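Here's a quick briefing to read with the model open beside you. Start by having a look at the fold, then work through the topics below.

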Amino acid sequence: MNQIIRIGTSKSVFQLHGVDAAEKPVLRQQLRRSPVLALFAKLPPTKVGLEACGGAHYWARELIALGHEVVLLPPQCVKPYVKRGKNDAADAEAIYEAMSRPSMRFVPVKTGEQQATLMLAGMRDQWIRRRTQLTNAIRGYAAEFGVIAAKGVAEAATRASAILAKVMSRAWRYCPTL
C-alpha cells in the first residue's frame, strides 16, 4: 500500500478515506468501533480528520496516543464538501477534502478533564431546567383546581405538600379512584 498522508473518517461506523502523496485514494474501508484502534496502530503516523461531534474528542485522544496528528473539523465546515447524498462514505471523503484546505479552521481537542467539567455543567443545567419544568407543571395542575401557588422554585418547594394535598382533595371529587 502507498504511504497514506491523510485520512478522513466518519464515525457512525468508521468509514475511512485515505489518500497518498499523489492525492489518489488508497484506503476506502468501513470498520466497526472495535477494530479501529488496531488498524490505526498498524499505520505509520499520519494526519487524521474527524468531524467534531459526540465521541470525536475521545477518538482524537486515542489516535493522538498512537502517534497520529488529529484535527477536528466543525460540521458546518465539512458540509459544503459533501458531493453527493448524505452517507458515511461521502462524509469521510468530504472530511478529507475539507481538512486539505489551507485556510480551514479546526476545533481544539478537549482533554478528559475539560470534557468532564463540561459534562457536569451540562447535567446541572438539565437538572435545573427539569426542576423548573416540574415546578411549573405542579403550579399549572394546581391552578386547574383553583389552587394558586406563587411563582418560583423556593415557594413551590416550601409549600409543595400543602399544594398537592389541596389539589388531591379537590381532584378527589372528580375522580374518586385516585
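Contact, as used here, means heavy atoms within 4.5 Å. With that in hand, Leu72 touches Leu50, Ala52, Ala56, His57, Ala60, Phe106, Val107, Pro108 and Val109, leaving aside residues up to four places away in sequence. Keep in mind that this is a predicted model, where local features need pLDDT of at least 70, side-chain atom pairs count only at pLDDT 80 or more, and totals for chains, interfaces and linings use all residues. Residues are numbered from 1 along each chain as its sequence is written, and side-chain values use heavy atoms, with hydrogens and water left out.

**Confidence**

- The mean pLDDT of the protein (pLDDT is the predictor's confidence in each residue, from 0 to 100) is 84, and 93% of the residues reach 70 or more.
- Where pLDDT is low, the predicted coordinates should not be read in detail.

**Cores**

- A nonpolar core is a set of buried Ala, Val, Leu, Ile, Met, Phe, Trp, Tyr and Cys residues joined through side-chain atoms within 4.5 Å; buried means under 20% relative accessible area, exposed is over 50%, and partly exposed is in between (1.4 Å probe, protein chains only).
- The largest nonpolar core has 19 residues, and the ones touching the most other members are Ile7, Leu16, Phe40, Val70 and Leu72.
- Two or more residues of this core come from each of E2, strand E3 (25-31), helix H1 (36-42), strand E4 (47-51), H2 and strand E5 (69-73).
- H2 is the top contributor to this core, with 4 residues.
- There's also a second, separate core of 9 residues, and its members include Leu73, Ala94, Ile95 and Met99.

**Aromatic pairs**

- You'll find 2 aromatic pairs in the structure; rings of Phe, Tyr and Trp (its six-membered ring) pair if their centres lie within 6.5 Å, with planes under 30 degrees apart counted as stacked, over 60 as edge-to-face and the rest as tilted.
- Phe14 and Trp59 pair edge-to-face, at 4.8 Å centre to centre with 70° between the planes.
- This pair links distant parts of the chain: Phe14 sits in strand E2 (residues 14-19) and Trp59 in helix H2 (residues 56-65), 45 residues apart.
- Tyr58 and Trp59 are edge-to-face too, at 5.1 Å centre to centre and 75° between the planes.
- Together, Phe14, Tyr58 and Trp59 make one aromatic cluster.
- Trp59 counts as buried because its relative accessibility is 9%, whereas Tyr58, at 38%, counts as partly exposed.

**Strands**

- E2 and E3 pair in the antiparallel sense over 6 bridges (two strands pair if DSSP finds at least two bridges between them).
- They form a hairpin with 5 residues between them, and Glu23 in the turn has a positive phi of about 65°.
- Gly18 has Leu27 in E3 as its bridge partner.
- Leu31 lies in strand E3 and counts as buried because its relative accessibility is 11%.
- Leu31 touches Val13, Phe14, Leu16, Val36 and Leu39, not counting residues up to four places away in sequence.
- E4 and E5 pair in the parallel sense over 5 bridges, with Val71 in E5 as the bridge partner of Gly49.
- E5 is largely enclosed by the rest of the structure, because 4 of its 5 residues are buried.

- Helix H4 (residues 88-99) has 12 residues and reaches 16 Å from its first C-alpha to its last, close to the 16 Å expected at 1.5 Å a residue; the expected span is 1.5 Å times one less than the number of residues.
- H4 is mostly covered, with 10 of its 12 residues buried.
- Glu93 in helix H4 is at 16% relative accessibility, so Glu93 counts as buried.
- Glu93 touches His17, Lys83 and Arg84, not counting residues up to four places away in sequence.
- Just after H5, Gly146 takes a positive phi of about 80°.
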